[in-house]
Protein chains: 4
Amino acid sequence: MALDHHRVQSVVAEIADEMRARTDRGEVAGYIPELSKVDPGQFGIAVADDQGFVIAAGDSETAFSVQSITKVFTLTLALGIAGDTLWRRVGREPSGSPFNSIVQLEFERGIPRNPFINAGAIAVTDLILSGHQPREALGEILRFIQFVADDPTIRIDEAVAASEQRTGERNRALAYYMKSFGIMENPVEYTLGVYFHHCAIAMTCRQLALAGRFLAYGGRQPSTGRTVVNPERARRINALMLTCGHYDGSGDFAYRVGLPGKSGVGGGILAIAPGQASIAVWSPGLDAAGNSHLGRIALELLTKRLGWSIFGA
Amino acid sequence: MALDHHRVQSVVAEIADEMRARTDRGEVAGYIPELSKVDPGQFGIAVADDQGFVIAAGDSETAFSVQSITKVFTLTLALGIAGDTLWRRVGREPSGSPFNSIVQLEFERGIPRNPFINAGAIAVTDLILSGHQPREALGEILRFIQFVADDPTIRIDEAVAASEQRTGERNRALAYYMKSFGIMENPVEYTLGVYFHHCAIAMTCRQLALAGRFLAYGGRQPSTGRTVVNPERARRINALMLTCGHYDGSGDFAYRVGLPGKSGVGGGILAIAPGQASIAVWSPGLDAAGNSHLGRIALELLTKRLGWSIFGA
Amino acid sequence: MALDHHRVQSVVAEIADEMRARTDRGEVAGYIPELSKVDPGQFGIAVADDQGFVIAAGDSETAFSVQSITKVFTLTLALGIAGDTLWRRVGREPSGSPFNSIVQLEFERGIPRNPFINAGAIAVTDLILSGHQPREALGEILRFIQFVADDPTIRIDEAVAASEQRTGERNRALAYYMKSFGIMENPVEYTLGVYFHHCAIAMTCRQLALAGRFLAYGGRQPSTGRTVVNPERARRINALMLTCGHYDGSGDFAYRVGLPGKSGVGGGILAIAPGQASIAVWSPGLDAAGNSHLGRIALELLTKRLGWSIFGA
Amino acid sequence: MALDHHRVQSVVAEIADEMRARTDRGEVAGYIPELSKVDPGQFGIAVADDQGFVIAAGDSETAFSVQSITKVFTLTLALGIAGDTLWRRVGREPSGSPFNSIVQLEFERGIPRNPFINAGAIAVTDLILSGHQPREALGEILRFIQFVADDPTIRIDEAVAASEQRTGERNRALAYYMKSFGIMENPVEYTLGVYFHHCAIAMTCRQLALAGRFLAYGGRQPSTGRTVVNPERARRINALMLTCGHYDGSGDFAYRVGLPGKSGVGGGILAIAPGQASIAVWSPGLDAAGNSHLGRIALELLTKRLGWSIFGA
């Protein structure tokens, strides 16, 4: 079913205007020094269809740090490598607690609840790393994202990576904690090196929307027609994004937006309207749960106006 | 889009046959004496469309205790009474922890995480009760379920209600704990009386599938054409079922089945395929997370064979 | 070894003067309406020796609500009834967490950590009640306290008991929660009725200091020479007071005061200097951990000036 | 008051005989490979008085890994360096939970509950390290222990240190976690290097009993007459040992033994009878709480037979 480009264009432009006018913008993430310098006034949106056609508005061509959104791509890669054996190391349930991460790890003996919280994504990165040098593993992740986005210019922001590396004590704690339960195979600093670098990938809304298309279209990369994952796996990754993609705001995101989505502390969100479009929004200010404040609002308006919720007409 | 009745009929019959043959059936709930007596060999399935047409197989005409599935209907009723002010008393996030209920209540000062865990449903029942006698409130809940199911013969199983009342100490603890934070308005025993009785409603798969149709069809009760909730509210209730409907197995249910659903410890599951059908399955044996073991497997097969997952083709 | 009455008298008077002059007095407990009415300007102290001689100063003859201090006497009684089988229902470890009570009960399947937190004292009360009517059990507790204090005039403050009964939802939650694990034998309201009433016993510092003497003098009630408990049991109760007697301030109390002690939210503290004296202090204002602010300071000065710490000269 | 050497000698010999005969010996710690090789059949005991006279029996001259017992000496050193400002980084309350360490750190924002759990001792080590090279800090700790034991032959077991360093992921997690809250000043690997090495100090019962004397005798090192700490600080360290010295078995140790004590997973316990003696016991098998099984039993018999409990005659 082809997108009504005209209608989408008009809704996207409207939303960008409305977002520009809002004064409630959330708080820019402070814990990574490089990220805290970003201008909170920015907002971008891009909608990509299966023809590679992109409808965009606002700061959709400005690259931002995608941060946790890469967890979707590393999960996809890791499932390709390990298949369902991945689930021996990582769960599939919402973390479901403001008391996040390390408490849960202690109660569940080192197994992270899902691949979209930090601990889970570190375990997934460790799996991708196994049998490789960190540089090779990182290259594989970057090339995979370039492939699904059909854009070889996507790069890692080394300043952000260095900033994360310097301030990543909490992630180190998570990694060593998992290692103490035998969940990690590689030296912690190797795994974290890869993790910090893939989180530091910079993309524009346009690039991110294009990169998400395989999840909207049954696992196929539409530009090349090549299969990234089979349709069942695409559905399952979407399901995980719906239940776990927004930390302890996942329930609220499902309730308001009604699409699978994954947010990053850089202020980006990738959302998937299965069979309809892949959508990227970006606005640096975050809400209390650490998700883009205006990004979530923009997506709520978009799904309402276009009737894209997966939960009914 | 009309259901392909022939195709659905054949898939439903196949699945009932496959379920009958399986020897892994889970464990019947032991904590309510009345429920523990149920024969674990039973399995029923029913699929209802917007014409009120029901395709069924197995023990689809045997009444079972719907238990927590009534939480969907009490939530719907309470939203009708209180609108979004309901969310001052109850959250919308997955409980996300095997350490359920009362730990979470302490950390979050008496506010239950969502309306589909016991504490949340007790808070919702308390809201419905306010301003009424317990008998009236219970009557209202029962009539609402009879209305959406278009079936005035639906009844409460008094033996089950009495059994729950006698053994409901954990629920009493939850209720008094919330009361200590000012979340409950009515005398705890009144609220629990209503709660234990609505959990004890007995329905067949056919009745339950019919009762769920308003969630599959934009909030309308198809038999009468009357609006139960507006389309946005129907979508939002579906979203809550997806993220929170299966306790700490909600992520797994979304991953495998890909439909909003709500399970009960009686072994029933109501699942919604928006725009397609309302589905009820029942098999008394439960998995480790307290959800119907064969019920979940049957729904996974159904969505796979009919392509009904909300997460893509 | 006889007390140097002159020296003790002078130290006690000094301390009462110093406490009278202080402006930091803590906060009077607000959660029981009757207690919140007490004048925070009061301070009393009494030191009793094995001859029944009492050295006192300040408001030592004003009766106050002893609250949790009765937990020492109910533990003593329950050990007399059940001996070491008591420890099947209650632990002996500090609760050691600001996340008190009900979280711990969930993690440890209904067994309270020690007899001096509310859950533990309710379990102890339930044991005393078994085989009796609530009125009889309460009478037994009151008579036991009158006996060890050698004072038949000690009474229950019915207004406080009624106030607790009306506002005791948190304690009801604890009790029903334990009942759900099979820890409680009697109807919850019966056990709580006894519990709320014994917490509402009113005593003066003089009475309380006299009542604690059996713990200071090897288990003997010195006035009558009768054995209350054997010397080993007296030591063990003292040990429990040291490790668990001040909720999550027990470590700090041991560190600063160096005596076994038990506090109540009425602002009283009973402290035991083994072989030296039984001491009661009272000042209604509480610190953040719920213990008498000036009471603790007074005891710290007393043990320092008299060299009574059990941890060395 | 001088020790009755004859009586102590006879009790100590009796206890060593009784311990030798017991078949319940607990489990040798498995998590540090070097420790798991120790013969569980060993038992040693030594009692030191203020004259430096040592009464010993069993394997009292066999060196064992003192492990957490060094936490007493590092705390003493750190208090000498920082005084009460130490308590800004570390609490003084029992950890009081089988859900130890990292959960507590998350709830209390990186501040360990007390200096005798691993996290707390790492924070204390970090304080000692500040302004020094790791080698210097370690030298200072070792020399301090040699000084209080009056024995320059005490050494670090390098094989144990290396074993801990290789398997210390849990401690690394704790350290990085605290660092993420700003509790640690030095590079984590430096602090842990010092920590792993001081835990690997090997001592005999005789040496350990001698090293503890300053805590039994008002803070003075009796051989030299030099003040190690003032009497108040000695009392306070004893109080911390009583409330926190045996992990989640501290309450039980106080209840049964009635002396301040600190255990290590090597199977040693240092116990202090203020004014009477400093006592060391050693038996490698541990109980469920991680404390020496026969060591605790031996101390319980000793205090009962000699009347040394601090909680009364």
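A salt bridge is here a side-chain nitrogen of Lys or Arg within 4 Å of a carboxyl oxygen of Asp or Glu, and one such pair links D:Lys304 with C:Glu232, whose closest N and O atoms are 3.0 Å apart. D:Lys304 belongs to helix 13 (residues 293-306) of chain D and C:Glu232 to helix 11 (residues 231-244) of chain C, so the pair joins two chains; helices (H or I, at least four residues) are DSSP runs numbered from the N terminus. Both partners count as partly exposed, D:Lys304 at 43% relative accessibility and C:Glu232 at 25%, where buried means under 20% relative accessible area, exposed over 50%, and partly exposed in between (1.4 Å probe, protein chains only). Salt bridges that share partners also join C:Asp252, C:Arg256, C:Arg296, C:Glu300, C:Lys304, D:Arg92, D:Glu232 and D:Arg236 into one network.

The structure is a predicted model, in which local features need pLDDT of at least 70 and side-chain atom pairs count only at pLDDT 80 or more, while totals for chains, interfaces and linings use all residues. Residues are numbered from 1 along each chain as its sequence is written, chains are lettered from A and ligands numbered from 1 in the order in which they are written, and side-chain values use heavy atoms, with hydrogens and water left out.

The arrangement of chains A and B was examined next.

Contact, defined as heavy atoms within 4.5 Å, is made by 39 residues of chain B with 39 residues of chain A. Of the interface residues of chain B, 100% are also interface residues in chain A, so the copies meet through the same surface. The area buried between the two chains is about 3,300 Å², with 56% given by carbon and sulfur atoms; buried area is the accessible area (1.4 Å probe) that two parts lose on being put together, summed over both. B:Arg236, B:Tyr255 and B:Phe311 supply 25% of the area that chain B buries against chain A, more than any other three residues.

Over all chains the structure holds 69 salt bridges, and eight are counted between chain B and chain A. One pairs A:Arg113 with B:Asp248, their closest N and O atoms being 2.6 Å apart, and B:Glu300 is paired with A:Arg236 at 3.2 Å between the closest N and O atoms. The latter pair crosses from helix 14 of chain B to helix 12 (residues 231-244) of chain A, and its two members count as buried, B:Glu300 at 10% relative accessibility and A:Arg236 at 11%. Within chain B, B:Arg256 forms a salt bridge with B:Asp252, the closest N and O atoms being 3.0 Å apart; these residues are four apart in helix 13 (residues 250-256) and are therefore separated by about one helical turn.

In soluble globular proteins, nonpolar side chains tend to be buried together. A nonpolar core is taken as a set of buried Ala, Val, Leu, Ile, Met, Phe, Trp, Tyr and Cys residues joined through side-chain atoms within 4.5 Å. The largest contains 448 residues, among which A:Ile279, B:Ile279, C:Ile279 and D:Ile279 touch the most other members. A second, separate core of eight residues includes A:Val103, B:Val103, B:Phe107 and C:Phe107.

An unreviewed UniProt entry carries the annotation "binding site" for A:Ser68, A:Asn118, A:Glu164, A:Asn171, A:Tyr195, A:Tyr247 and A:Val265; positions are given in the numbering used here, feature names are shortened, and annotations may be inferred rather than shown by experiment. A:Asn118 lies in helix 5 (residues 118-129) of chain A and is partly exposed, with a relative accessible area of 24%. A:Tyr195, in helix 9 (residues 188-199), is buried at 2%. Neighbours within four places in sequence being left aside, A:Asn118 is in contact with A:Ser68, A:Lys71, A:Asn171, A:Leu174 and A:Tyr195, while the contacts of A:Tyr195, on that basis, include A:Lys71, A:Asn118 and A:Asn171.
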